[in-house]
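This briefing is meant for a reader meeting the structure for the first time. It begins with a term that the later points rely on and then moves through the two chains topic by topic.

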Amino acid sequence: MKGIYFSLAAVLTAILVMICGLLITGRTDAGDSQKEQIPRYHIQVITKNANEHFWTTFKSGAANAGKQANVYVEFVNIAADSLNSSLIALEKAVYSGVDGIAFQAQDVEKTEALVKKAQDKKIALLTYENDQNYLTDVPTVGSNSYDIGFREGKMGIRACGGKGRVAIILNGNVSGAKGQNKNLKLQGMIDAFSNYSTVKVQEIYSLGSGMFKTEKLMSMILAKQPKIDLVLCTDERSTPGIAQVLVDENKVGVVSIVGYGAMPQTLNYIERGVIYGSICPDAYHIGYNCVKQLVTILDGERISDSINTDLFSIDLSNVEQYQVIDNEKD
Amino acid sequence: MRKIKLFETRKMKYRTKLILFFLLSTSIVILSSLYLYLSSQIIMWNTNEMLEKNLELSEAYSRLQEVQNDLELYLSTSSSDSLIAFYGDSTALNKSSDTLLSNISYSERGMKIKNAANMLHDYLNNANDAIEKKRGRNITAYTAIYEETVTECDDITNYMEEIMSRDVISNSSQFGKISVQQQKFSIINNILIVFTVLFVIGMIALFSFEVTKPITTLAGFARRIASGDFNIKIPQDQTSQEMQTLYHVFGSMVVNIKEYVNQIQEKRRLEQTLSEEKLTNLRMKNALRESELKALQSQVNPHFIFNTINIGSKIAMLQGDHTTCRYLENAADIFRYNLNGLDTAATLEEEVSNVVSYMYLLQTRFSDMIRFKLVIDRSDKELMGCTLPRMTLQPLIENAYIHGIGCREEGGTIGLKVEKRDGMAWIEVSDDGCGISEEKIHEILSGSFQDESTDERSTTGGHTTGLGLDNVLQRLRIYFNKTDVMSIKRAGGMTRFTLILPLRHEKGWVHVSSTDR
């Protein structure tokens with residue numbers, strides 16, 4: 001008799017649990033679920049729509065800063081190297097009346113008009129990785145382009161043993177005002193080589209924004225400059241592509257590569273000795289500081305106009321450690 | 001460790017058990033139905049939510065185009081109709097954007113809705129500015145603002161389309177989830193329905209069996225008892241309070257019935273014994289009455305005869321006829337002895353004296369044909385004082401005379417020997433007459449013997465007392481409450497009737513001395 005009651009009670013409990021589970025988990029997430037806390041500010045960060053390691057790490061840092069400061073961080077992805085998209089995104093952000101915007105200014109003149117509108121609406125503004133397109137009264141966070149070039153040059157000298165022929169690959173169009181920061185990188189490299197007369201820059205190439213350009217360009221360099229000893233690349237996504245061409249052409253050990261960024265493929269090539277090393281901006285802290293500094297401005301405090309973040313030199317000696325750090329940040 | 005019991009079903013009442021079972025079963029059915037209802041409701045809620053979530057956004061999107069058209073129309077035509085339409089549509093758009101803002105959530109989509117709503121507010125401000133400048137005829141200003149509203153309208157439109165496009169993608173994903181959920185619910189519901197039906201039916205069957213089991217068992221016991229089998233042990237039932245009581249009471253009832261039946265059987269046995277005793281008494285009384293009747297038949301008026309004979313003896317004594325006197329005295333003694341009644345006891349000495357008187361009459365009558373030999377120790381007071389039914393020895397002597405020596409021409413000797421042996425009184429009446437067959441001995445001792453001398457008085461010539469051997473034997477057996485009071489033997493030409501009687505007998509009839517009369 002007792003068994004009957006226990007069975008009934010057990011089934012009753014099971015159905016009750018099923019009903020509770022149904023009520024708790026039955027409602028499907030409509031993608032519009034409420035956050036637990038009402039955020040203090042709404043900050044829009046205009047980023048590139050790219051899977052590059054820099055951007056993923058940057059977004060991770062910004063998101064963590066937003067969580068810590070109870071700020072809603074909205075990432076607006078725009079097409080890479082699209083000036084118009086960048087301006088439209090900034091314009092929309094201003095019309096949206098968000099509390100703060102972090103962006104990269106690519107056209108100073110057009111951007112300044114929007115900056116004025118934003119300032120009229122008391123929207124906090126901040127640029128990042130933007131040291132060459134300086135906007136008046138808009139603070140910036142990021143690494144110094146000249147430093148990037150200089151450190152890349154120094155690493156290149158170590159890679160080729162202080163002598164050799166160098167090919168430099170810069171991302172985007174080098175000429176004109178749009179390529180100011182790239183010019184600064186180039187300037188840094190030239191300055192680094194200035195003390196080494198045995199290092200000769202053979203050619204400077206510029207990567208277009210299209211896909212598969214890297215392989216084509218690198219094949220062309222190797223064809224035109226068969227005695228090249230060192231390739232310096234300032235584009236993150238192109239660095240592993242250049243290494244792959246060297247592998248394909250059986251030039252590993254003949255031509256050294258110093259790249260940019262810390263994509264997993266790049267780190268893998270460094271570990272395998274295909275790429276000598278890479279200069280990497282601290283993307284996590286750039287993103288983190290963007291949000292943190294905007295929150296500081298919104299809280300009514302003043303911040304420095306320019307906040308520099310670290311640069312990392314990654315080579316075979318420390319690539320493993322960097323991979324661990326990188327994984328922790330992710 | 002003390003065991004904590006949630007509830008003890010054995011102590012529960014039947015009503016509580018039934019209520020609890022039906023409550024639990026009904027609850028299972030109700031909750032299963034509730035689960036089915038909720039699952040369908042959730043599917044409906046999710047579907048509605050999916051379809052309704054961008055209604056407001058679509059409404060705002062449509063209004064925006066209308067407001068922009070109204071603005072352009074008014075700025076180009078300055079018509080009051082377009083102005084009225086603008087105000088109407090802009091008010092509706094403002095309301096839509098307010099609704100969007102009031103419902104925002106801090107999610108990715110929510111923040112985009114917020115951005116869109118803020119952009120709409122900004123756009124409406126600019127549009128109103130443009131209207132105001134137009135009405136103020138500030139051509140440069142309204143043209144510039146209009147340019148800005150066009151850009152802004154495009155931006156907002158793109159932005160909303162982007163949100164709606166994401167909603168479409170999200171809805172596809174959402175629809176997929178709802179579809180999967182619906183299939184899952186469908187499977188779970190089907191299983192739940194089947195399980196609930198089977199489980200509840202199973203539980204009802206099991207519960208019914210468990211509830212009726214003790215009653216069925218009890219009914220089995222009742223059937224056994226009804227068939228007369230009281231040798232059953234009723235076990236203690238622990239299923240419920242009522243059953244415990246019922247089993248306990250039933251057990252007690254069985255024990256009581258068993259005891260009652262035993263008592264009835266004992267009583268019946270006692271009644272049977274009593275009836276037998278009563279029957280024996282009746283037989284005894286019947287024998288006595290028969291004896292009395294026969295005595296009365298033979299003694300028309302014993303007192304008169306006794307007095308007559310007694311006076312006769314006195315007359316004979318006065319006339320000097322001593323033989324006649326003695327004869328009549330002995331006859332008077334016999335009558336007087338008989339007057340005391342057969343239902344009284346007499347001592348052995350009195351019985352022997354009566355026999356001596358009787359033998360004197362016979363010897364006087366038949367002179368030397370009959371010889372009487374008496375062996376007795378009259379000094380033994382215990383032997384002489386032992387009691388026995390009155391008129392016990394005289395019929396035996398009479399029997400020896402009639403059936404023994406009576407059939408012999410030359411006569412014979414009748415012997416009476418009284419002695420104490422092994423604490424018993426041995427009284428032997430013997431004769432050397434014609435003897436007795438074994439068959440007759442058996443008939444006499446078994447009580448089936450019919451004494452002809454008592455029935456056919458005429459054949460005996462009127463010298464009997466009318467009491468037969470069977471009468472004597474019955475009275476002795478009743479008096480001493482034992483059957484082996486007499487033995488009959490025929491050996492060496494002698495027939496011996498031997499009475500073996502206890503010297504002391506507590507239960508006895510009233511002893512009346514011959515001198516009491």
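Predicted model: local features only at pLDDT ≥ 70, side-chain atom pairs only at ≥ 80, totals over all residues.

Helices here are DSSP runs of H or I with at least four residues, and strands are runs of E with at least two, numbered from the N terminus. By that convention, B:N471 is found in helix α14 of chain B, which covers residues 469-480.

**Chain B as a whole**
- The secondary structure of chain B comes to 14 helices and seven strands, and buried residues make up 30% of its 517 residues.
- Of the contacts in chain B between residues at least 6 apart in sequence, 71% join residues at least 24 apart.

- B:N471 counts as buried because it has 22 C-beta neighbours inside 10 Å, where 20 or more are required.
- The C-alpha atom of B:N471 is separated by 9.0 Å from that of B:G447, although the two residues are 24 apart along the chain.
- Helix α8 of chain B (residues 322-339) has 18 residues that should span 26 Å at 1.5 Å a residue, and its end C-alpha atoms are 25 Å apart, which agrees with that expectation.
- Several residues of α8(B) are buried, among them B:L328, B:I334, B:F335 and B:Y337, while B:G341, just after this helix, takes a positive phi of about 90°.

**The sheet of chain B**
- Five strands of chain B form an open sheet with mixed pairing, in the order β2-β4-β5-β7-β6.
- Strands β2 (370-375) and β6 (486-491) of chain B each have a single partner strand, so they stand at the edges, with one side of each left without a neighbour in the sheet; from one strand to the next the twist averages 15°.
- Strands β4 (residues 412-421) and β5 (residues 424-431) of chain B run antiparallel and are joined by eight bridges, with B:K417 standing opposite B:E428 in β5(B).
- Helix α9 of chain B (residues 348-366) lies across β2, β4 and β5 of chain B and runs at about 160° to β2(B).

**The sheet of chain A**
- Six strands of chain A make an open sheet with parallel pairing, ordered β2-β1-β3-β4-β5-β11, and its edge strands are β2 (71-78) and β11 (306-308) of chain A, each of which pairs on one side only.
- Strands β4 (residues 124-128) and β5 (residues 140-142) of chain A run parallel and are joined by two bridges, and A:Y128 stands opposite A:V141 in β5(A).
- Helix α10 of chain A (residues 283-298) packs on this sheet, where its direction makes about 160° with that of β4(A).

**Nonpolar cores**
- The largest nonpolar core has 72 residues, and those with the most contacts inside it include A:I43, A:C290 and B:L120; α4(B) gives the most to this core, with 11 residues.
- Leaving aside residues up to four places away in sequence, A:C290 touches A:V45, A:A62, A:A102, A:L126, A:Y128 and A:V141.
- A second, separate core of 46 residues includes A:M155, A:A167, A:I242 and A:Y269.

**The contact between the chains**
- The contact takes 42 residues from chain B and 36 residues from chain A, and on the side of chain B that touches chain A, α1(B) gives the most, with 16 residues.
- By class, that side of chain B has 19 nonpolar, 15 polar and eight charged residues.

How values were computed. Residues numbered from 1 in each chain as written. Chains lettered and ligands numbered in written order. Contact = placed C-beta atoms within 7 Å. Nonpolar A, V, L, I, M, F, W, Y, C, P; charged D, E, K, R; others polar. Buried ≥ 20, exposed ≤ 12 C-beta atoms within 10 Å, placed from the backbone. Pairing = 2+ DSSP bridges. Axes fitted to C-alpha atoms, helices over the stretch in contact; angles between N-to-C directions. Expected span 1.5 Å × (residues − 1). Core = buried A, V, L, I, M, F, W, Y, C linked by C-beta atoms within 7 Å.
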